[in-house]
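Subject: Handover of a structural model

Dear colleague,

Please find the model below, as a handover for your own work. My notes on it come after the structure.

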Amino acid sequence: MKDQRLETRVDTQTIKIEARKAQVYYGTNHAIKDVDVDIMDKTVTAFIGPSGCGKSTFLRCLNRMNDTIPSCRVEGSITLEGESIYDPRVDPVQLRARIGMVFQKPNPFPKSIYDNVAYGPKIHGLTRNKAELDAIVESCLRKAALWNEVQDRLNAPGTGLSGGQQQRLCIARAIATSPEVLLMDEPCSALDPIATAQVEELIDELRSQFSVVIVTHSMQQAARVSQRTAFFHLGNLVEFGETGQIFTNPKDPRTESYISGRIG
Amino acid sequence: MSLGLLSIILLVLAVAGYVLGRRKAVSQVEGDIRKLHSLPPFYGRITALLTAVPAFFLIAAWLLAQPLFLENKAISLINPAELPAGKSAQLVMADVRRVAAGLNMLAARGEDVTPLLASPSALKTALNGAGVVLETEPTPSTLAATAALRDAGKTSRLAMTIAALVLAVAGLAFGLSRINPEYRARNATEQFAMWLLIGSSLVAVLTTVGIVASLLFESIHFFQLYPISDFLFSATWTPKFGGGSSLGILPLLWGTLYVSAIALVVAVPIGLMSAIYLAEYASKATRAWVKPAIEILAGIPTIVYGLFALVTVGPLLRDYFAQPLGLGNSSSSVMTAGLVMGIMVIPFVSSLSDDIINAVPQSLRDGSLGLGATPSETIKQVVVPAALPGIVGAVLLAASRAIGETMIVVMGAGAAAQLSLNPFEAMTTVTVKIVSQLTGDTEFASPETLVAFALGLTLFCLTLALNIVALVIVRKYREQYE
Amino acid sequence: MTASAPLNPRAHHDTRASLLVQDPRTKARNATEKRFRAYGLSAIVLALLALVWLLISIFGNGLPAFKQSFITMPVTLDAALLDKGGKRDPADLAKATTIAYGKLLASALQAEIAAKGIDIGAIKPKDLAKMISEESPATLRNRVLADPALIGTTVQVTVLASGRIDGYYKGRVTMESAALDKNTSPEQLALADKLKTAGVLSMQVNPGFLTMPDASDKRPEAAGLGVAIMGSIYMMLVVLVLALPIGVAASVYLEEFAPKNKITDLIEVNIANLAAVPSIVYGILGLSIFINFAGLPQSAPIVGGLVLTLMTLPRIIIPTRAALKAVPPSIRDAALGVGASRLQTITHHVLPLAMPGILTGTIIGLAQALGETAPLLLIGMVAFVRDFPGAPPEGLFDPASALPVQIYNWTQRGDPGFVERASGAIIVLLVFLIAMNAVAIYFRRKFERRW
């Protein structure tokens with residue numbers, strides 16, 4: 001089954017996010033240099049690279065989460081469906097409704113499971129009544145493969161779930177605003193292997209509706225879940241292409257060293 | 001011998017003990033200190049400790065306990081037949097003490113006081129000249145008691161001096177006698193020090209015991225004179241000098257809670273919003289000077305707030321609010337005290353809330369912002385609910401502060417015990433009445449004075465309950481995110 | 001923007017609006033955001049305004065207390081009046097009462113007015129004498145008793161003017177209020193103006209405010225903080241001598257030695273609660289234990305000091321324990337590893353490293369104790385005390401006042417001149433507190449260490 005996934009071809013050519021000559025500075029530190037990336041729709045794109053290579057930084061630029069860091073500055077062009085997301089007219093609030101995010105550590109709000117999922121639809125005003133909200137909560141929990149486990153305790157606090165369940169709850173919460181792109185920042189690094197397998201399976205399923213970008217430390221994970229892979233090194237995008245090609249036939253020697261375990 | 005001189009002598013003895021102990025240890029091994037169990041200074045130290053510490057403890061205990069014994073002796077000399085109407089022997093003892101103190105003062109100036117004791121009128125004039133004003137000439141039995149008190153005082157002082165010196169010398173001798181090369185001087189010193197450390201940490205426990213004992217003891221005394229049900233449920237507070245007072249706590253509790261409620265209505269929104277702004281929005285530079293500036297409010301003594309209420313806020317509220325609105329003419333009012341107290345407790349709410357909001361993990365904020373929530377939505381729906389237990393704890397601590405606050409209400413709220421809803425009327429609180437009942441001239445054993453202890457007990461229980469609940473909540477909260 | 005050609009990249013989400021246009025809901029949400037920020041900012045502004053208002057009120061009312069109206073004039077110390085025996089015998093000299101000195105001053109003022117050619121108007125000589133403070137004869141008498149050689153000479157004296165005259169120059173007394181006041185009259189004030197022009201009466205810095213003892217109800221102009229400052233210093237000495245060693249010893253025991261069991265847990269909870277017990281309860285404790293039970297004298301700094309010590313202890317223990325906790329275990333391990341005993345480890349290494357934190361906590365605890373009022377009221381420190389206490393340790397048992405209690409005492413007096421005194425005393429108190437906190441901040445900055 002794993003092999004089969006590795007073989008999966010990229011099945012859509014629609015570009016969702018396009019980055020051209022993207023630069024990120026932290027104060028005087030040039031953290032990301034000249035990155036050109038196309039994020040395709042209905043595709044899982046993996047960002048891999050050694051620690052501190054800038055892959056998480058770049059991911060956080062895609063929905064302007066870096067705005068919360070005062071010294072951070074982004075240059076170059078990053079567009080969502082052709083519109084620059086760093087245009088001064090863009091409201092990050094609206095942008096983030098369309099580009100959702102799942103974080104490294106599961107961070108359910110200290111609220112009930114139901115309220116965690118309903119949070120996004122409520123703040124964005126996506127529903128007209130309780131019935132619609134109930135429907136969204138249920139469908140998102142189903143999509144996140146959590147419904148069967150929590151349907152009889154929707155009012156229990158989200159923080160009481162196990163780590164893997166919490167992370168799936170966070171995924172359900174992120175897709176409840178029906179984003180177009182889902183950014184995942186090492187979503188499995190705090191999980192045990194079984195929970196990791198569940199989340200990976202989920203990511204594969206999410207691909208049918210969303211464009212997914214995942215930052216990961218684990219090359220095996222990138223190989224298992226992604227169709228396209230970008231390799232970052234010291235703030236540069238070294239190589240970007242089909243996952244199969246990156247792992248079997250890397251063009252750049254640095255990629256090859258990383259994949260064979262000599263740097264990282 | 002004066003205390004100062006005695007202390008110096010004891011210190012000299014201690015130093016001697018150090019030198020002798022050390023020298024003895026060294027001489028016993030003929031200078032080869034490797035043969036000693038411990039380093040030479042330890043032999044000196046343990047001798048010095050044994051010399052000085054028991055003697056100083058003796059002096060402290062003696063000074064604390066001495067008046068108790070002396071007065072028992074003197075009070076028995078007071079002739080009950082000579083007691084003025086309405087005065088107890090206890091009250092006469094106050095005169096005895098003053099006369100004795102006055103005589104000591106005269107004696108200290110080198111005057112001969114023996115003839116004065118024989119003539120009450122000469123004594124009165126002499127004491128008046130010394131600044132001790134007596135209402136009436138002392139009766140013969142008062143004089144006898146005074147003389148007995150002074151004599152006993154002198155004897156006692158002499159006995160204390162001798163006992164302290166004997167104890168010190170005995171300690172010195174005992175310390176020296178134990179010194180030999182095998183003596184574990186370091187362990188002994190440390191054992192001694194350990195007992196001092198343990199004793200020190202017991203002071204806190206003893207304080208609590210003292211507080212509870214003194215409150216309970218006198219409260220029980222009070223409830224023997226005045227029914228507890230009247231105290232707890234009566235709605236009138238009218239203490240009278242001649243007895244027959246009505247001492248219901250309800251009007252005082254009402255005033256206390258009303259003032260505290262106004263204080264919290266002022267302090268909680270301001271304190272909480274400041275904390276939120278500082279924790280979530282303010283730049284580092286702003287935070288660095290605004291936070292200490294607000295905390296200055298907590299460092300200002302309450303007497304300053306009291307004067308502020310009395311001189312500035314009270315008249316202002318009276319002239320611009322109470323009088324134009326026809327709500328009253330008093331510059332001291334619940335509103336005055338509540339408002340000023342509110343200013344005082346702002347930092348109690350804001351500092352603790354700020355710490356607590358900062359303890360909310362950044363990942364929760366990221367999670368909410370990542371879903372497209374605005375910062376204020378994140379604060380209102382994620383950060384504050386997550387911090388709520390801690391914030392509740394902070395508010396409870398502030399409430400306990402407000403309830404126990406004394407000077408602001410003494411100077412700002414007034415003294416009229418009443419159950420009224422009008423915030424511009426003068427009302428009074430539990431703490432105000434504790435002060436007024438204990439600083440008045442009523443006899444100590446009367447219910448009018450003793451009621452202060454029952455009020456104190458009520459106050460202590462109320463604030464203790466609030467503090468414990470608040471501490472438990474805050475502690476639980478901290479554990480949640482650690 | 002929402003064209004829906006099949007190959008258009010935006011086809012899938014053609015119902016979505018452009019990113020570049022804010023939808024109405026987002027606009028409303030952003031408005032809420034702005035409002036919320038404004039609430040936060042205004043809360044801070046309100047808190048700071050309250051602080052500024054408080055300080056302006058105190059300083060505005062209190063600064064005049066440091067200046068005082070004085071009358072400067074030559075006084076002939078008539079030997080016939082002051083030393084009837086003529087032998088300069090101290091016992092004889094002491095027989096001349098303040099009344100005699102009062103007459104001397106009154107006639108000196110009359111003479112000075114005549115010498116300057118000032119028209120006194122309709123003022124009676126008796127009222128003229130009232131322009132001089134009732135305290136001034138005593139001041140002059142003490143000066144003469146200290147230096148009997150002055151008798152028979154003419155000396156230039158500077159004496160306090162009466163409180164009402166002083167109040168007139170500080171805006172407290174007006175011509176209208178003087179007309180209704182039996183202690184002064186508009187004529188007096190008019191004369192005072194003339195004296196001021198002639199240079200007899202002048203506003204000067206008043207060091208007596210810091211050095212003189214309290215004065216009775218009718219003499220606010222003579223009231224000073226001398227005894228109160230002494231009393232406060234004595235109490236702080238007691239607190240420092242007792243609370244610092246006991247507090248540090250208790251912290252060391254609890255932090256370094258105490259086994260973790262129910263009893264130490266109880267002690268810890270107990271200390272946390274003691275820090276939050278209302279201060280007035282400590283006053284009750286002091287009254288019943290130290291005064292009623294142990295029979296220590298009322299109004300004595302030793303009792304105040306003991307009460308404040310008990311109050312300050314938890315406030316010293318808490319920061320001291322934090323400072324001890326901040327010293328990394330590696331330092332203890334290093335010392336223990338070379339064979340030092342635990343007590344040596346602590347006295348040689350841990351305590352010196354924790355000392356800045358301990359001192360900072362102690363100074364802040366002392367500063368709080370210095371401003372504490374309520375417990376002192378209950379142990380009789382509010383009494384009227386004019387005599388300076390003697391030298392410690394005996395002086396600790398003499399009656400004295402304390403700064404905050406003196407302030408309270410003055411606010412309870414009838415004469416409005418005392419409000420100015422009380423506010424002035426608060427400035428003195430705040431100066432002490434600022435100085436102490438500045439030292440604490442200095443320690444923290446200078447020795448702060450990050451492990």
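Conventions. This is a predicted model, in which local features need pLDDT of at least 70 and side-chain atom pairs count only at pLDDT 80 or more, while totals for chains, interfaces and linings use all residues. Residues are numbered from 1 along each chain as its sequence is written, and chains are lettered from A and ligands numbered from 1 in the order in which they are written.

Chain B. The secondary structure of this chain consists of 17 helices and 2 strands; helices (H or I, at least four residues) and strands (E, at least two) are DSSP runs, numbered from the N terminus. Chain B has a radius of gyration of 31 Å, well over the 23 Å that the globule rule gives for 482 residues, so it is more spread out than a compact globule. Here the radius is taken over C-alpha atoms, and the rule is 2.2 Å times the number of residues to the power 0.38. The C-alpha trace of chain B spans about 85 × 75 × 40 Å along its principal axes. Of its 482 residues, 47% count as buried. A residue is buried if 20 or more other C-beta atoms lie within 10 Å of its own, exposed if 12 or fewer, and partly exposed in between, with C-beta atoms placed from the backbone. Among the contacts in chain B with a separation of 6 or more, 75% join residues 24 or more positions apart; two residues are in contact if their C-beta atoms, placed from the backbone, lie within 7 Å.

Chains C and B. This contact takes 73 residues from chain C and 75 residues from chain B. On the chain C side, helix H1 (residues 24-62) of chain C provides the largest share, 20 residues. By class, that side has 51 nonpolar, 16 polar and 6 charged residues. Ala, Val, Leu, Ile, Met, Phe, Trp, Tyr, Cys and Pro count as nonpolar, Asp, Glu, Lys and Arg as charged, and the others, Gly among them, as polar.

Domains of chain C. The assignment gives domain 1 (66-222) and domain 2 (226-447), with bounds that come from an automatic or database domain assignment. Their C-alpha centres lie 43 Å apart. In the contact between them, 15 residues of domain 1 meet 19 residues of domain 2. Helix H7 (163-169) and helix H10 (208-211) of chain C are the elements that give two or more residues to the domain 1 side, and H10(C) gives the most, with 3 residues. The residues of that side divide into 6 nonpolar, 3 polar and 6 charged.

Helix H18 of chain C. This helix (residues 403-411) is mostly covered, with 9 of its 9 residues buried; among them are C:Leu403, C:Ile407 and C:Trp410. The cover includes helix H11 (302-322) and helix H15 (407-412) of chain B, together with helix H11 (226-257), helix H16 (342-371), helix H17 (374-378) and helix H19 (417-447) of chain C.

A:Ser71. This residue sits in the loop between helix H2 (55-62) and strand S4 (72-80) of chain A. A:Ser71 is exposed, with 10 other C-beta atoms within 10 Å. Leaving aside neighbours within four places in sequence, A:Ser71 is in contact with A:Tyr26 and A:Gly27. A:Val93 is 22 residues from A:Ser71 in sequence and 20 Å from it in space, C-alpha to C-alpha.

Yours sincerely
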